[in-house]
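Student: I would like to work through this model with you, beginning with the terms and then turning to the structure itself.

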Amino acid sequence: MKKLWWFVPVAVIAVVALVARAGGPSGDAALGTQPYDNFETGASCAECHIDIARQHDQAMMSRSFTHHWDEIEYFELALPHADKVEKVAGVKAGCNGCHAPLAFLAGDIPPKRPAEGTRANEGVSCALCHAVTGHDGEVPFNFNFTVDPAAGAQGTRAGVESPGHEIVVNPYLGTAEFCGTCHNEKDPWGLWVKATHLEWKKSPQAAAGIICQDCHMPPAAGNSAPETGGVDHPDVRQHLFHGAHDTGKLMGAVEVRIHPSELEASPGQRIILTATVVNAKAGHMIPTGSAEERVVWLHVEAVDASGATHHLAVDPKGFEGEDLTIASADALAYQDIGDIKGIEGFAGIKRDGDVPAGDRIFRLPYLDEKGRMTVAQWNTAAFGTDYRLAPLEAKNETFTWALPEDLPAGAVTVTATVWYSKLVSSVADYMGVPAEEAAPVKMSEHTTMVEIKTKG
Ligand code: HEC
Ligand code: HEC
Ligand code: HEC
Ligand code: HEC
Ligand code: HEC
């Protein structure tokens, strides 16, 4: 027995070391475990890493708490909802685990409004990402990352030195799982309301070893800290993090081609136009992530020889739940906004915003407990049919057109356009979100011709 006197302190040290390596608690359990002062500000990193800092300033992750729609949805919907309904009470703190992680870790809940200028405003900051050591459990989701801000900057590159900080070489930041800690989200009903990393895992890109960082932080030759002893590398990770808020990233991410069944036709005849729509560039679904509020749609119209425009409606395919994928002029949805705001007899607002009736919408409908479409991903009790575009998948959509009897002879030009709107326009209008958030971006367009012959 005497010989074992040393065992207890050694065991304690071993446990402490294990916890320290894992970086302490993660997810909900990390609430209030790290005061703000444990994290440097981005401005301090910018003294040496100028280009990376400027890139990050322009990326949405630096605005994840201050961006107008984030502020509106958290303070005007999620927070009042959490105070009212026990089932969703967890989002009062939980939204911040990903959007204002420094505030979450500091226990500053709810954070003050962005105008108050607290450190919640730093959003997903340099010091937060570069303090992440790994994640707890099998699947990365709901901010289950572990942090150790005292250890120095976590990075993937061995053999570099910094006059500003310690460097901890850790391959974790070079994995898709790191991104998945915030880009997968499970809601109070246990549904995957955000699954960008899980979608990616099933993609051909993942099978080929192409990860999030390769498309959102592409490597370029350069030096991340040229004035303070940084070394040139052929592959410095660019902190672009460009996604749906970058028009250039959206343009061409989906491709569309259209062709007619007949090259020549006569008035009164039926022709079929087939559009092929491809998710050509994303390593996940389009739309992904906040799919509850994005609208991606295919619009087809024909211009005849006299210059008149004919809007063509998509042919239904007959699958279950298809009605939610074809734009309607008068369908209403989002009634839960009225429940949250306590508006008696709230009928809802236009389900498809300004999308022209008859257009095909590539979407995953998020449904509340009463089966109504919702943009509140935390209030999602079920999903409709997933009709989004999978990575490198094409979908064919047909448009049967009974050519009008009075269609003039000459060329008809048929144009297919795929549009992307970050937020349903009716929700943007109703919630007072600046119109830029709902403004349609043209992802792709293609034109084909049919020659109209007079009957003879
Ligand atoms: C005084 C200058 C200075 C400051 C301030 C500074 N760094 Fe660095 N940092 C460097 C230099 C120099 C390197 C080495 C770059 C190289 O040679 O590739 C470096 C390297 C890094 C690396 C790469 C490590 C790797 O293994 O890939 C990371 C990550 C990093 N810094 C993050 C940060 C963060 C986050 C901050 C702010 C909290 C910060 N740095 C502040 C100078 C600085
Ligand atoms: C969303 C998380 C995230 C944020 C925010 C972030 N980084 Fe990084 N950073 C990464 C990842 C991931 C890598 C490594 C990617 C890899 O190697 O695959 C990295 C790499 C780096 C490197 C090494 C670059 C190289 O290839 O030599 C430096 C330096 C760096 N970051 C500094 C910063 C600074 C400074 C900021 C804030 C202005 C910042 N990072 C913000 C995730 C982030
Ligand atoms: C700490 C949580 C966190 C981590 C880790 C994280 N993200 Fe994000 N990311 C967010 C949040 C929150 C947003 C939403 C920003 C907003 O409010 O618009 C976001 C948005 C984005 C966007 C969308 C930008 C746009 O234009 O709409 C991209 C792209 C992105 N992240 C890529 C990445 C990649 C790649 C990684 C891993 C290298 C990563 N993120 C890691 C939380 C995180
Ligand atoms: C093969 C390249 C590729 C890979 C791999 C990839 N992405 Fe993307 N990502 C894109 C493209 C292209 C877009 C723009 C189209 C869109 O918004 O869906 C995009 C968009 C996004 C958006 C914005 C979506 C929205 O609706 O706001 C986020 C967030 C994002 N990616 C995160 C990730 C994460 C996290 C991973 C890894 C799990 C990843 N991406 C892997 C190419 C890629
Ligand atoms: C598990 C991490 C996580 C949690 C928890 C989370 N979000 Fe997000 N949120 C994200 C990511 C990542 C994105 C970007 C997704 C994309 O662009 O595809 C995002 C996007 C958004 C957007 C759209 C931003 C834009 O400008 O398009 C809003 C608004 C938003 N979240 C609000 C909330 C609210 C409110 C809560 C709490 C009810 C919440 N989020 C909880 C990770 C999270």
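Tutor: Two residues are in contact if their C-beta atoms, placed from the backbone, lie within 7 Å. The model is predicted, so that local features need pLDDT of at least 70 and side-chain atom pairs count only at pLDDT 80 or more, while totals for chains, interfaces and linings use all residues. Residues are numbered from 1 along each chain as its sequence is written, and chains are lettered from A and ligands numbered from 1 in the order in which they are written.

Student: What percentage of the contacts in the protein with a separation of 6 or more is accounted for by residues 24 or more positions apart?

Tutor: The count takes the contacts in the protein with a separation of 6 or more. Among these, the share that joins residues 24 or more positions apart is 67%.

Student: What percentage of the residues of the protein count as buried?

Tutor: A residue is buried if 20 or more other C-beta atoms lie within 10 Å of its own, exposed if 12 or fewer, and partly exposed in between, with C-beta atoms placed from the backbone. The protein has 456 residues, and its C-alpha atoms fill a box of roughly 110 × 60 × 45 Å along the principal axes. The buried share of those 456 residues is 41%.

Student: Which element gives the largest share of the side of domain 1 that touches domain 2?

Tutor: The protein is divided into domain 1 (16-237) and domain 2 (247-452), with bounds that come from an automatic or database domain assignment, and the contact takes 26 residues from domain 1 and 24 residues from domain 2. Helices (H or I, at least four residues) and strands (E, at least two) are DSSP runs, numbered from the N terminus; α4, β6 (192-195), α9 (196-201) and α10 (204-207) each supply at least two residues of the domain 1 side. The largest share, 8 residues, comes from α4.

Student: How do α4 and α5 pack, and what is the orientation of α4 to α5?

Tutor: Axes are lines fitted to C-alpha atoms, for helices over the stretch in contact, and angles run from 0 to 180 degrees between N-to-C directions. The two helices pack at an angle of about 150°, with their axes 9 Å apart. Angles under 35 degrees count as roughly parallel, over 145 as roughly antiparallel, 65 to 115 as roughly perpendicular and the rest as oblique, and therefore α4 is, relative to α5, roughly antiparallel.

Student: Why does ligand 5 lie between the domains, and which domains are they?

Tutor: A residue is near a molecule if its C-beta atom, placed from the backbone, lies within 6 Å of it, and 24 residues surround ligand 5, the closest being V91, C95, C98, E185 and G289. The elements that give two or more residues to this shell are α4 (68-84), α5 (91-99) and α8 (176-183), with α5 giving the most, 6 residues. Because both domains give residues to the shell, ligand 5 lies between domain 1 (16-237) and domain 2 (247-452).

Student: Which element gives the most to the shell around ligand 3?

Tutor: Around ligand 3 there are 25 residues, of which C179, C182, C212, G243 and H245 are the closest. Elements that each supply at least two residues of this shell are α5, α7, α8 and α11 (212-216). The most, 5 residues, comes from α8.

Student: Which residues come nearest to ligand 1?

Tutor: The shell around ligand 1 draws at least two residues from each of α2 (42-46), α7 (126-129), β3 (153-155) and β4 (167-169). Of its 27 residues, those that come nearest are C45, C48, G155, R157 and G164.
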